Amino acid sequence: MFRSVSSPGSRCLPLAVLACWSLSFPHALLAQNPPSPTPAATAPAANPASTAKPVAGAEQDAKEVSSQDTPATFKVRVNNVLVRVVVRDSHGKVVSNLKKEDFQLYDGKKLQTITSFATETPTKHAIPLSTSPVPGSSSAEADPLAVRAATLPQRFVSMVFDDVHMSMQDAVFVRDSATRFFGALAPSDRVAMYTTSGQLTQDFTDDRSLLAKALLGIVARPLTQHNSSDCPDMTYYEADLIANKNDLQALAVATDETLQCAFNGDARMQAAAQSLAQAAAQRAVSEGDNETQYAYRHLEEIVRRMTSLPGQRILVLVSPGFIPSTLQYEASQMVDRATRANLVINTIDARGLYTPDVMGDIANPPNDGVRTAGYKSMYRVVAQSAQQDVLAELADGTGGTFYHNRNDVDEAMREAGAAPAVSYVLVFSPQNLKFDGRFHTLRVALTAKEKFNIQARHGYFAPRSAADSAEVAKEEIQEALFSQEEVHDIPVDLQTQYFKKDEAEARLADPLGRERHPFSEGFGPQQRSIDHCDGNF
């Protein structure tokens with residue numbers, strides 16, 4: 001729930017105070033219901049280290065108000081663009097010792113100022129483990145909590161299978177490869193399985209039998225059926241050329257094909273054939289866009305789900321690829337969201353090692369005429385190559401790797417389950433950015449003369465309109481509330497009290513008085529506004 005408290009006395013300053021009470025419950029329970037003292041007969045032998053620790057813990061539990069004098073951090077919302085970069089040498093090894101001064105970032109042809117720089121490693125978000133045995137005790141008498149800590153999940157991998165765009169041949173191929181991949185999981189790995197159709201959902205688990213059972217549900221689930229016997233035989237790539245790019249040659253090819261299959265080559269029906277070809281192109285584009293949007297929505301839900309997980313977060317998209325056409329803006333937004341959440345997207349071409357299929361599907365051969373066969377074959381070859389562009393963009397933009405043109409997909413899955421050893425996040429604020437939705441190309445270069453391989457996103461789309469500040473603030477609060485990372489921006493004193501009435505009811509009081517905010521007074525009209533969000537887990 002969200003509630004606002006306003007009062008005079010400071011400048012206009014919205015503040016989000018997020019409290020995850022589940023993290024505060026253990027201390028509150030100890031403070032209100034202290035454990036009974038241990039009988040002296042069973043007390044272990046005391047030593048200086050063990051006797052000092054309970055005293056410090058008791059003093060910490062006795063404190064009800066915790067304050068810390070730290071400089072306040074004020075954040076100003078600007079149109080920042082995040083660019084994740086992975087640099088490798090000539091041997092494919094990740095370069096790990098670069099600094100902000102080593103990078104140059106170009107928006108189009110204009111050099112940009114890098115306003116923020118961060119170095120990311122997989123261990124940076126790992127959960128600290130404690131497996132040391134208690135001094136003076138044998139391994140059998142070690143703290144069971146410390147033993148269980150060794151199996152805490154350190155890496156979360158979401159395997160997403162694009163069954164909307166897969167063929168049945170692709171589905172069988174990746175099922176067999178994924179079975180071998182699951183056999184190489186570490187005890188601290190957690191794997192989830194999803195499909196872009198939403199028909200298969202297996203939450204994070206280390207149970208290989210559950211994962212193997214879920215694999216049986218991976219089958220081709222296209223939303224539309226394409227038949228080469230249709231008149232005209234219109235693929236999404238050809239339809240995109242006609243409907244979105246106004247390609248006159250593609251329209252002439254489709255018109256001639258329609259004239260032959262619908263009107264037996266009667267030249268007097270040229271206009272009618274062209275109308276039928278244009279209608280078929282519009283229908284194919286609409287069906288293809290619906291499939292892509294459907295897949296994008298489920299991908300976005302998975303990305304949102306993973307932003308709240310601790311440790312390493314990796315999404316592996318297994319797909320034959322698709323042509324986003326007018327939906328490239330959505331792909332750019334997904335890269336932005338994944339980069340902000342430190343989520344790496346690795347992509348695998350489900351077709352494996354393949355050669356361009358000039359003659360089309362042998363199970364559904366095309367009925368190309370003599371006059372259009374050459375053009376249709378060219379469109380099929382170009383479309384098969386263009387399908388993988390979106391997979392490369394998702395991987396490059398998030399610091400991941402695009403695995404393609406290889407048959408050892410099981411080995412690709414094993415490699416894709418790991419994040420790069422080191423990546424760099426560059427942030428810049430475009431100047432005079434217009435809200436026109438236009439695509440801006442990006443280029444990252446190094447000031448050094450060494451020949452390194454630089455992997456980064458290829459560009460970004462300008463916003464189509466100014467974002468609603470209220471909706472943006474609400475989304476930020478929600479992401480911060482469910483995130484496992486602590487936020488330390490503006491210091492605020494917050495006192496919590498836990499009251500246990502009985503076994504069925506408990507109350508948590510969190511008085512947040514106006515006198516607790518260390519804001520200095522100023523001149524002129526002033527207002528204080530606080531958004532206070534409570535989360536009970």
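## Helix α6

Buried means under 20% relative accessible area. By that cut-off, helix α6 in this predicted model is mostly covered. The helix spans residues 236-243, and seven of its eight residues are buried. These are Y236, Y237, E238, A239, D240, L241 and I242.

## The chain as a whole

The chain has 537 residues, and 41% of them count as buried. Its secondary structure comes to 13 helices and 21 strands.

Among contacts with a separation of 6 or more, 78% are between residues 24 or more positions apart. The accessible surface comes to about 30000 Å². Carbon and sulfur atoms account for 53% of that surface.

## Aromatic pairs

The structure holds nine aromatic pairs. One of them joins F103 and Y424: the ring centres are 5.3 Å apart and the planes meet at 55°, so the pair is tilted. F103 lies in strand β5 (residues 103-107) and Y424 in strand β14 (residues 423-428), so the pair ties together parts that are 321 residues apart in sequence. Both residues are buried. F103 and Y424 also form one aromatic cluster with F117.

Y296 and F322 form an edge-to-face pair, 5.9 Å centre to centre, with 80° between the planes. Y296 sits in helix α8, while F322 is in the loop between β11 (312-319) and α9 (328-340). They are 26 residues apart. Both Y296 and F322 are buried.

## A charge over a ring

The charged end of R443 sits over the Y106 ring, 4.3 Å from its centre.

Methods
Residues are numbered from 1 along each chain as its sequence is written. This is a predicted model: local features need pLDDT of at least 70, side-chain atom pairs count only at pLDDT 80 or more; totals for chains, interfaces and linings use all residues. Side-chain values use heavy atoms; hydrogens and water are left out. Buried means under 20% relative accessible area, exposed over 50%, partly exposed in between (1.4 Å probe, protein chains only). Helices (H or I, at least four residues) and strands (E, at least two) are DSSP runs, numbered from the N terminus. Contact means heavy atoms within 4.5 Å. Accessible areas come from the Shrake-Rupley method with a 1.4 Å probe; for residues, only the protein chains shown count as cover. Rings of Phe, Tyr and Trp (its six-membered ring) pair if their centres lie within 6.5 Å; planes under 30 degrees apart count as stacked, over 60 as edge-to-face and the rest as tilted. A charge sits over a ring if NZ of Lys or CZ of Arg is within 6 Å of the ring centre and within 35 degrees of the ring normal.
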